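Below are some questions and answers on strand pairing. They follow the structure shown here.

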Amino acid sequence: MINTLNRKFNVALAGLALLATAASAQTIAITGGKVYPVSGSPIENGTVIIVDGKISAVGAGIPVPAGAQQIDATGKWVTPGLINSSTQLGLVEIGQVADTRSASAKGKDFIAAAFPAWEGLNTMSVMIAPARRDGVTNVVILPTGGQLVSGQAAILTLVDGMPTDMVLKTPVAMVAQVQDPGNAGTGARGELLVRLRELIEDTRAFMRNRAAYERAETRDYIASRLDLEAMIPVVQGKLQLLVNADKATDIDAALRVAKEEGLKIIIGGGAEAWMVADKLAAARVPVLTGAMNNIPGSFQTLATAQENAALLRKAGVQVLIIGNAGGGDEEAFNVRNIKQEAGNAVAYGMSWNDALRAVTLTPAEVFGVADRVGSLQPGRDGNVVVWSGDPFEFTSIAEHVYVRGREYLAPDRQQLLTERYKKFPVPQNIPTISR
Amino acid sequence: MKSYFVRFALIAAVAGCTQAKPAEPPKPDASKDSAAQTGPGGISRPNADPFPSTYVQRAAAPLVIRNVNIMTAAGPTIRNGAVSIAHGKIVAVGATVDVPAGATVIDGGGKYVTPGIIDTHSHLGVYAAPGGGALSDGNEATNPVTAHVWAEHSVWPQDPQFPRNLAGGVTTLQVLPGSANLIGGRSVVLKVVPARTVQGMKFPGAKYGLKMACGENPKRVYASRGPSTRMGNVAGYRAAWIQAETYRRKWDKWNKDHKGDPPSRDLGQETLAEVLRGNILVHNHCYRADEMAQMIDISKEFGYRIRAFHHGVEAYKVADILAKEGIGGSLWADWGSFKMEAIDAIRGNVALTSNAGARVAVHSDDPSGSQRLNQEAAKAMAAGNAVGIPVTEDMAIKWITINPAWQLGLDDKIGSIEPGKDADLILWSGNPFSVYSKPEKVWIDGSMYYDRLDSREQWRTDFELGFVTRPQEMNR
């Protein structure tokens, strides 16, 4: 950590040059806390320095730069901002109000590969601030719809601004499924897989015969031109396919197709993934799964086990903890409950360090942004949380949440409502019901 | 112990009567309303309990759990204390207790004991896993008023969600019809125990509840035939109560004078009349503050009481009114925003409403949340503290024990650890408000029904056999 001192100045200089016009240029020094960089061992009495929105130094015994805003984190826990890898934050505001939903594309014949979910992002969503206030600094937004291919995902940073400000990387995955034949326009699992293979084959044919296609001299393809176009990086193995599959046999099928077609895949949901943990590990396929599921809620999820995440990790699988137990709007309103999921993963066998990794660095790695977020290292974005205690415990509070070095302190909608009704009788200027 | 044999004898008689001659009707009990008696012939006169509980308390040796922190829900946590139970009841609780001869003694090792958790809002059994249309039995969405249906007739005792609830420490739950209808039908209060029949799970002596629902759900479900508006909803409740009041008067008069033939029976009106008589508790699904105030006015117009508003995401706005009217709130810790009437959800709802003096329960309406009501209560506690409403663990434990017991009208039997109460207990692996803690052992009426450390003491439903593979069963 000593050499970070030199690097810190270089980074700081580079930052100053880049952000010479930024009014918010400042240095923050978080000192005295137990620092969990995730990329390395925990540091007792550690210091994290953020300069102009970037982490410039992390370690013990680092001097506080002159003029820095100092945060005393003695007795506190300092972690990277949490990453929730499965949300519709900014895509769905009120589930049952149609014109606040922008997460599902119509597509054509159950294929919507060209759909860029982030293009419809509502950055004014009132859900963003509460998620951030509880320590979530990045989210992956996934298209829903559940078709054979439902569109492309992005990872966001929860800064204020427009979609162009919030989007960290696009696309980070193409979303597909191999568990619902009906929603793929097919009648059986085997037929769904044929259709998926046909899509891959047609994408390859489209790539080979582009000129002929433009002259309308090719046979009909299964998908539209833009969907085929969007599938090219997937069949090239450059863009990962996030395959939603809960049933162990469906996961096995996904692994088979991926191997035969040379695809890079991630499994989403993975309720029964523990049954094929060794295969997933051998194929180096990561799994997005919750840690609070144990109900055999359908015939696709009969072997759902709350130990799933821990068993996968034990087998060497990269695990990204998400909230998918159902109920409570965990994709938007309760994106913040990712820490409860992580805590439950620990309660059911995962190591605490692995659980923290599953909501920080592992998602950053899997979605290709580990150079920006997910750990506390010099050069990373200043996404840092100071917790009053163990971040997974309910009694712990995110006392300071920095996103690219900025702390957002304006009260959110829930806080405004709370203040209004906190004391009875409610103040005169608030409509009351007198009885 | 004697009462078991009496109950067994009755079961045998009832079981037999389907094949042989009718059993003797029970002797009238002069101390009860005559409407509660089974009439000979049984179809012209109401029977207050036509599907009686056949739950039988298991015999168990006296038990002492010592060296534990006891959250009693009746007073401050007893640090390093002990609790003693016998014959299904709590005998003593305190810093020390006498150990009766022959008692099993468990050293709690500094862990925690709480009362069994009570969930006021469950659809277990009526929306059973593994789901699908065949097991979708929670909403009789064929008419906006279906006071005639009883949730218990939809409960599948082999729902694999029951044992998971038990493993989460839930010992009593209220299963309600869904919220598609203005008046959805009767609820049933169950003990979370294995049984072949729903009667075997029914909490003996528990009052029935009536499910009512405000707002968006009924008007959405009945948009084409009505009610399609909130004003249509209110007109619907009032029309139902007007009819019910007439029915009640007619039957109450006949029950008093027995003049002429008894009035004809109507299952729906029977239920509503029992609400008007105060014998069935109203559980009213309602999100918005303004609608809760209107429902209170309706209850006053017709002279019934609302026992609890369920969901009540805006309860915090009318918490003073709920407190004054003695109406409970069955609330979520942090659900919100999934529909328009839920957009003002705040995480401080439970704490703010509780702080104003209303009797608040943290409920689930969700088979997953129900298993972790301790975690839900912990979130609600933390949210209160975060907004400057101090909530202690001793207050928060009440949200999932004695307060829901009160909402079900069972606070004299369950919900706290006090001598004389039913011995429904949980031994936790640690502080129940920690995310890392889990129920280790669960007792109902003094008998252990779940042991996390012993798979032989883990209930598996018929459904799970062969269908559901557990990690410990895989040859890996």
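Q: What is the order of the open sheet of three strands in chain B?
A: The model is predicted: local features need pLDDT of at least 70, side-chain atom pairs count only at pLDDT 80 or more, and totals for chains, interfaces and linings use all residues. Residues are numbered from 1 along each chain as its sequence is written. Strands are DSSP runs of E with at least two residues, helices runs of H or I with at least four, numbered from the N terminus. With mixed pairing, the order is S6-S7-S9.

Q: Which strands of chain B stand at the edges of this sheet?
A: An edge strand here has a single partner strand, so one side is left without a neighbour in the sheet. Two strands pair if DSSP finds at least two bridges between them. The edge strands are S6 (117-122) and S9 (188-191) of chain B.

Q: Which residue is the bridge partner of B:Leu173 in S9(B)?
A: S7 (residues 170-175) of chain B and S9(B) run antiparallel and are joined by four bridges. In S9(B), the partner of B:Leu173 is B:Leu190.

Q: Why is strand S7 of chain A largely enclosed by the rest of the structure?
A: Buried means under 20% relative accessible area, exposed over 50%, and partly exposed in between (1.4 Å probe, protein chains only). S7 (residues 136-141) of chain A is largely enclosed because its buried residues number six of the six.

Q: Which residue of S7(A) stands opposite A:Leu82?
A: S6 (residues 82-87) of chain A pairs with S7(A) in the parallel sense over four bridges. Opposite A:Leu82 stands A:Val136.

Conventions:
Chains lettered and ligands numbered in written order. Heavy atoms only, no water.
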